[in-house]
Amino acid sequence: MTETDHKNDLLRYLREAREALLWKLDGLSEYDVRRPLTGTGTNLLGLLKHLAAVELGYLCDTFDRPHGEPLPDFKDGADPNADMFATEDESREQIVERYRRAWAFADATVEALPLDTVGTVPWWPKERAEATLHHLLVRVLSDTQRHAGQADILRESLDGAAGHRPADDNLPSPDPGWWEEYRARLERIAQRGQPS
């Protein structure tokens, strides 16, 4: 495989995860995309805002590639979770568009630089701040996939929508009755499998 093949593989999976995340917002109200759905406040729009900052930070700032996008400032007592929620002044459209722009900037970095290019992550300790584009691209892909999994669960808990993407939900059945029986079967297994 050539370096271009490796880049294309990594970008393909990153792009699929990005699109899956956006799909999880489709058809939901402003309230549902913003509301905290876990004990730690995880919310769908916050995941996108966070990932825009991740891509811009790791795949642009680290390699001195300008992007002009605002990033949360975590210095001097600022909110340590500022990248994990949409403020009242930020619209869904603004965050989605920032995320899409982050994709373009990040993809341009990947396309322009060799995978063995070394950058300096500004917020890491100096003694280990250097990392290759390959390492950071894998890191961003991993983080994006992790958050896409969170978004899957959050969306399913809101309205039952599940799956990988609209045209290919990768689920064994669309029938709610099938899922009821499946869940009941798993519950029976769980109850029987408890230690006595």
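Tyr 99 and Trp 103 lie 4 residues apart in helix α4 (residues 92-112), so about one helical turn separates them; helices here are DSSP runs of H or I with at least four residues, strands are runs of E with at least two, and both are numbered from the N terminus. The model is a predicted one, in which local features need pLDDT of at least 70 and side-chain atom pairs count only at pLDDT 80 or more, while totals for chains, interfaces and linings use all residues. Residues are numbered from 1 along each chain as its sequence is written, and side-chain values use heavy atoms, with hydrogens and water left out.

A pair of aromatic rings is described by the distance of the centres and the angle of the planes. Rings of Phe, Tyr and Trp (the six-membered ring of Trp) pair if their centres lie within 6.5 Å, and the planes count as stacked under 30 degrees apart, edge-to-face over 60 and tilted for the rest. By this rule the structure holds 6 aromatic pairs. One of them joins Tyr 99 and Trp 103 edge-to-face, with 5.2 Å from centre to centre and 80° between the planes. Both Tyr 99 and Trp 103 are buried, where buried means under 20% relative accessible area, exposed means over 50%, and partly exposed lies in between (1.4 Å probe, protein chains only).

Trp 179 and Tyr 182 also form an edge-to-face pair, because their planes stand at 90°, with the ring centres 5.5 Å apart. In helix α6 (residues 176-192), Trp 179 and Tyr 182 are 3 residues apart, so about one helical turn lies between them. Trp 179 counts as partly exposed because its relative accessibility is 26%, and Tyr 182 counts as partly exposed at 28%. Elsewhere, ring pairs link Tyr 58, Trp 123 and Trp 124 into a cluster.

Rings meet charges as well. A charge sits over a ring if NZ of Lys or CZ of Arg is within 6 Å of the ring centre and within 35 degrees of the ring normal. Trp 124, a member of the ring cluster, has Arg 128 over its face at 5.4 Å from the ring centre. The charged end of Arg 12 likewise sits over the ring of Tyr 13, at 4.5 Å from the centre of that ring.

Side chains of opposite charge can pair when their charged atoms come close. With a salt bridge taken as a side-chain nitrogen of Lys or Arg within 4 Å of a carboxyl oxygen of Asp or Glu, the whole structure contains 16 salt bridges. Arg 12 bridges to Glu 16, and the closest N and O atoms of this pair are 3.4 Å apart. Since Glu 16 and Arg 12 are 4 residues apart in helix α1, about one helical turn separates them. Arg 12 is partly exposed at 42% relative accessibility, and Glu 16 is partly exposed at 25%.

Helix α1 (residues 3-23) also holds Lys 7 and Glu 3, which are 4 residues apart, about one turn of the helix. Their side chains meet in a salt bridge with an N to O distance of 3.8 Å. Here Lys 7 counts as buried at 10% relative accessibility, whereas Glu 3 counts as partly exposed at 34%.

What is the N to O distance in the salt bridge of Arg 35 and Asp 32? The side chains of Arg 35 and Asp 32 meet at 2.8 Å. Arg 35 is partly exposed, with a relative accessible area of 26%, while Asp 32 counts as buried at 17%. A network of salt bridges links Arg 15, Arg 18, Glu 55, Asp 107 and Glu 111.

Two packed helices are described by the angle between their axes and the distance between the axes. Axes are lines fitted to C-alpha atoms, for helices over the stretch in contact, and angles run from 0 to 180 degrees between N-to-C directions. Helix α1 packs with helix α5 (residues 133-159) at an angle of about 25°, with the axes 9 Å apart. The angle makes α1 roughly parallel to α5, where roughly parallel means under 35 degrees, roughly antiparallel over 145, roughly perpendicular 65 to 115, and oblique the rest. The axes of α1 and helix α3 (residues 44-59) come within 11 Å and cross at roughly 155°, so α1 is roughly antiparallel to α3.

Overall, the chain has 6 helices and 2 strands, arranged along the sequence in the pattern α-α-α-α-β-β-α-α. Of its 196 residues, 38% count as buried.
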